[in-house]
Amino acid sequence: MKTYYTVFATKAPRHKEKIMRLLILCFILISFGSLAQQNQYTFVFLNTRKDLPELPKEERDKLMEGHLANINRLAAEGKLVAAGPFDGGGGIFILNTTSFDEVHSWLAPDPGIQANRWKLELLPYTGNVCKAKEPFEMVSYTFIRFRANILKETVGNYATLLKKHEEYVNQITANSNVITRGSFGDQEGSILVLNNDVQTEILENDPAVQGGTLLFEVKKLWIAKGSFCE
């Protein structure tokens with residue numbers, strides 16, 4: 001782009017040069033505006049460890065107290081946009097950065113994370129997220145995670161089946177109360193959050209699931225209403 005503009009400008013009259021600069025500036029502004037609208041964050045899964053050591057209740061309570069204190073601090077600083085636990089353990093953070101290094105530094109003071117109470121999984125995330133307004137109302141949503149399953153046997157059909165997956169999800173959610181949809185990128189999967197239950201058979205009939213390129217899991221997520229801009 002820079003090389004082309006330099007050659008063009010040397011041959012163009014001055015008024016055309018100004019027009020070109022304005023056009024390039026507009027292009028840059030439009031490009032940055034488009035990226036901003038994509039709402040990019042870092043999504044953190046706090047996965048429950050199966051080998052979690054048993055601790056005395058007082059110690060667990062102290063760790064949880066520090067864990068919640070760090071959540072409140074990050075939220076107050078505008079670093080944590082949304083957070084919530086899953087039924088059965090674990091939970092999610094959505095952090096206002098695309099830097100994994102920043103995420104690690106922000107979470108480092110958390111006593112629960114220091115004690116390895118969860119296995120952290122960091123993913124780039126594109127989706128609609130909003131800071132919930134006080135007074136907070138906790139609600140329960142159906143949280144569906146689609147995981148990419150790229151193997152030698154599935155890689156050839158991945159792009160085609162992913163397109164069919166998007167078409168299928170559009171169909172099954174047309175009459176559902178969809179709270180939000182978000183992506184971790186084509187090779188990392190996506191999420192779907194609903195305000196109603198979904199039958200497992202419906203997800204199993206997804207062409208990408210049947211083709212083996214996507215896996216799915218369904219959980220109940222507790223989160224402050226408005227966290228997904230609903």
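1. Helices (H or I, at least four residues) and strands (E, at least two) are DSSP runs, numbered from the N terminus. On that basis the protein has 8 helices and 8 strands. This is a predicted model, where local features need pLDDT of at least 70 and side-chain atom pairs count only at pLDDT 80 or more, while totals for chains, interfaces and linings use all residues. Residues are numbered from 1 along each chain as its sequence is written, and side-chain values use heavy atoms, with hydrogens and water left out.

2. Burial comes next. Buried means under 20% relative accessible area, exposed over 50%, and partly exposed in between (1.4 Å probe, protein chains only). Of the 230 residues, 37% count as buried. Contact means heavy atoms within 4.5 Å. Among contacts between residues at least 6 apart in sequence, 74% join residues at least 24 apart.

3. Helix α3 covers residues 57-76. The expected span of a helix is 1.5 Å times one less than its number of residues. For the 20 residues of α3 that gives 28 Å, and the end C-alpha atoms are 28 Å apart, which agrees. Just after α3, G78 takes a positive phi of about 75 degrees.

4. Which residues of α3 are buried? They are L63, G66, H67, N70, I71 and L74. Seen down the axis of α3, the buried residues fall within an arc of 145 degrees, so they line one face of the helix. The arc is that of the directions from the helix axis to the C-beta atoms. An α-helix has 3.6 residues a turn, so residues three or four places apart point the same way. On the other side of α3, K57, E58, K62, E65, N72 and A76 are exposed. The buried residues of α3 pack against strands β1 (40-48), β2 (80-85), β3 (91-95) and β4 (118-126), and against helices α4 (100-107) and α5 (111-114).

5. Now the cores. A nonpolar core is a set of buried Ala, Val, Leu, Ile, Met, Phe, Trp, Tyr and Cys residues joined through side-chain atoms within 4.5 Å. The largest has 21 residues, of which F43, F45, F143, I223 and F228 touch the most other members. Strands β1, β2, β3, β4, β5, β7 (190-194) and β8 each supply at least two residues of this core. A second, separate core of 13 residues includes V44, I71, F93 and V103.

6. A disulfide is counted when a pair of cysteine sulfur atoms lies within 2.5 Å. The count comes to 1 disulfide. C130 and C229 form it, with their sulfur atoms 1.9 Å apart. The link of C130 and C229 is right-handed, with 100 degrees about the S-S bond. The pair links distant parts of the chain, 99 residues apart: C130 is in the loop between β4 and β5 (138-148), and C229 is in the segment after β8 (214-224). C130 is partly exposed at 28% relative accessible area. C229 is also partly exposed, at 36%.

7. T173 lies in the loop between α6 (158-172) and β6 (178-183). Buried or exposed? T173 counts as buried, at 11% relative accessibility. A polar atom of the T173 side chain lies 2.7 Å from the backbone oxygen of V169. The T173 side chain also reaches the backbone oxygen of N170 at 3.5 Å. Not counting residues up to four places away in sequence, T173 touches V178, L192 and L194.

Terms used. A polar contact is a pair of N or O atoms within 3.5 Å; within protein, one must be able to donate a hydrogen and the other to accept it, and residues adjacent in sequence count only if both atoms are side-chain atoms.
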